[in-house]
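Hi,

Here is the structure I promised to pass on.

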Amino acid sequence: MASSAGLLLHRVGDGGEVEVLVGHMGGPLWARKEERAWTIPKGEHDPDEDPHAAAVREFTEELGSAPPEGPELDLGQIRQRAGKTVRAWARRADFDASTATSNSFEMEWPPRSGRTASFPELDRVAWVPLARARELVVAGQVELLDRLAEALARS
């Protein structure tokens, strides 16, 4: 089963609440969905690749620039519904979401047309309050947000 690694940026917003940086999944299958259609920047890595290095690489690929420096928390690993594991780190840092430019993927579209179309992996990136992010991210990633909230509450 595939393993992924991701980097979840967080900050304290203007209203004093914790915000996280998440991306809306690109492509026609997600175009009309909002809730459970967002993700932390993440991607698959080879078994011999360092997961943290993969998380930084995937952030860079999916947002178009390297992640800003900042203190990190290891959020551990979760298993999503389809069985994929995701190892994630949270980093306290700011990032201008308006500058994000995602890499792309290709798929046959429309289905059974024989034509291939290219779509961004993330078509939107936004800072959202942690509570709202729990409603937006794919179900398996809510646990990562909960782990972040717990760690921040302890500090």
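Buried residues make up 40% of the 155 in the chain, where buried means under 20% relative accessible area, exposed means over 50%, and partly exposed is in between (1.4 Å probe, protein chains only). Before you read on, note that this is a predicted model: local features need pLDDT of at least 70, side-chain atom pairs count only at pLDDT 80 or more, and totals for chains, interfaces and linings use all residues. Residues are numbered from 1 along each chain as its sequence is written, and side-chain values use heavy atoms, with hydrogens and water left out.

The overall layout

The chain has three helices and nine strands, running β-β-β-β-α-β-β-β-β-β-α-α from the N terminus. Helices (H or I, at least four residues) and strands (E, at least two) are DSSP runs, numbered from the N terminus. The radius of gyration is 15 Å, close to the 15 Å that the globule rule gives for 155 residues, so the chain is as compact as a globular protein of that length. That radius is taken over C-alpha atoms, and the rule is 2.2 Å times the number of residues to the power 0.38. Along the principal axes, the C-alpha atoms fill a box of roughly 55 × 35 × 30 Å.

Take the contacts between residues at least 6 apart in sequence: 64% of them join residues at least 24 apart. Contact here means heavy atoms within 4.5 Å.

Two buried residues

E58 sits in helix α1 (residues 51–63) and is buried, at 6% relative accessible area. Its side chain makes a polar contact with the side chain of R57 (2.6 Å). A polar contact is a pair of N or O atoms within 3.5 Å; within protein, one must be able to donate a hydrogen and the other to accept it, and residues adjacent in sequence count only if both atoms are side-chain atoms. Leaving aside neighbours within four places in sequence, E58 touches A5, K42, G43 and E44.

H24, in strand β2, is buried too, at 0% relative accessibility. Beyond its neighbours within four places in sequence, H24 has contacts that include W30, W38, E121 and D123.

The peptide bond from W109 to P110 is cis, with omega near -5°, and P110 belongs to the loop between β7 (104–108) and β8 (116–120). R112 is in the loop between β7 and β8, has a positive phi of about 60° without being a glycine, and is exposed at 78%. R36 also has a positive phi, about 65°, and is not a glycine. You will find R36 in the loop between β2 (18–25) and β3 (38–39), partly exposed at 36%.

One more exposed spot

V12, in strand β1 (residues 3–12), is exposed at 59% relative accessible area. The C-alpha atoms of V12 and G83 are 32 Å apart, and the two residues are 71 apart along the chain.

Cheers
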